[in-house]
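Please consult the sequence and structure shown here.

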Amino acid sequence: ADLRILRETQQNIVDDKDARVLFDRLLTQPLQRVPPPRENGRLIVVVDALDEAELDSKNDLLGVLRDEFNKFPSWLALLVTSRPEIAVTTALAPLETVRLDEEKYMDVNKKDVKLFLRNLLVGKVDAAKLEETIEGVVQKSESNFLYL
């Protein structure tokens with residue numbers, strides 16, 4: 001019975017399709033009950049694939065994040081993943097952003113890709129060809145996790 005009530009409650013929360021109402025119900029209200037982290041800690045809200053939140057050629061979530069996120073406490077950070085779409089970069093321009101696809105992060109990203117591939121392929125690819133295989137995949141994927 002408790003599980004049924006929980007499902008009904010969850011469905012009632014998301015029945016409203018207005019992005020601002022959903023943002024308030026799913027993020028603002030729950031975060032008001034979260035105590036600040038200790039000793040200059042941070043909490044991070046992750047929004048993955050923001051560019052894919054578009055419906056009928058409109059991305060309401062993008063506007064809500066831009067307009068509402070600065071109202072949250074300074075200990076709360078926003079981590080957004082997105083393709084570098086003009087609509088996304090323009091809308092988020094007023095916020096303090098760090099682009100991880102900049103040149104200075106490429107070496108770190110490449111190391112992460114290689115580590116991921118090594119863990120994925122060890123024992124599945126002949127040990128003598130492992131590094132060559134990894135280098136080939138890194139080159140063909142241009143170190144983009146999307147293509148791994």
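The points below are grouped by topic.

This is a predicted model, in which local features need pLDDT of at least 70, side-chain atom pairs count only at pLDDT 80 or more, and totals for chains, interfaces and linings use all residues. Residues are numbered from 1 along each chain as its sequence is written, and side-chain values use heavy atoms, with hydrogens and water left out.

**Confidence**
- The chain averages a pLDDT (the predictor's confidence in each residue, from 0 to 100) of 86, and 89% of the residues score at least 70.
- Among the elements of the chain, the lowest mean pLDDT, 60, belongs to helix H1 (residues 2–14), and the highest, 96, to H6.
- Helices (H or I, at least four residues) and strands (E, at least two) are DSSP runs, numbered from the N terminus.

**Nonpolar cores**
- A nonpolar core is a set of buried Ala, Val, Leu, Ile, Met, Phe, Trp, Tyr and Cys residues joined through side-chain atoms within 4.5 Å; buried means under 20% relative accessible area, exposed over 50%, and partly exposed in between (1.4 Å probe, protein chains only).
- The largest core has 17 residues, of which Leu50, Phe72 and Leu76 touch the most other members.
- Helix H2 (19–32), strand S1 (43–47), helix H3 (60–68) and helix H4 (86–92) each give two or more residues to this core, with the largest share, 4 residues, coming from H2.
- A second, separate core of 6 residues includes Val113, Leu117, Leu121 and Val138.

**Phe145**
- Phe145 lies in the segment after helix H6 (130–141).
- Phe145 counts as partly exposed because its relative accessibility is 39%.
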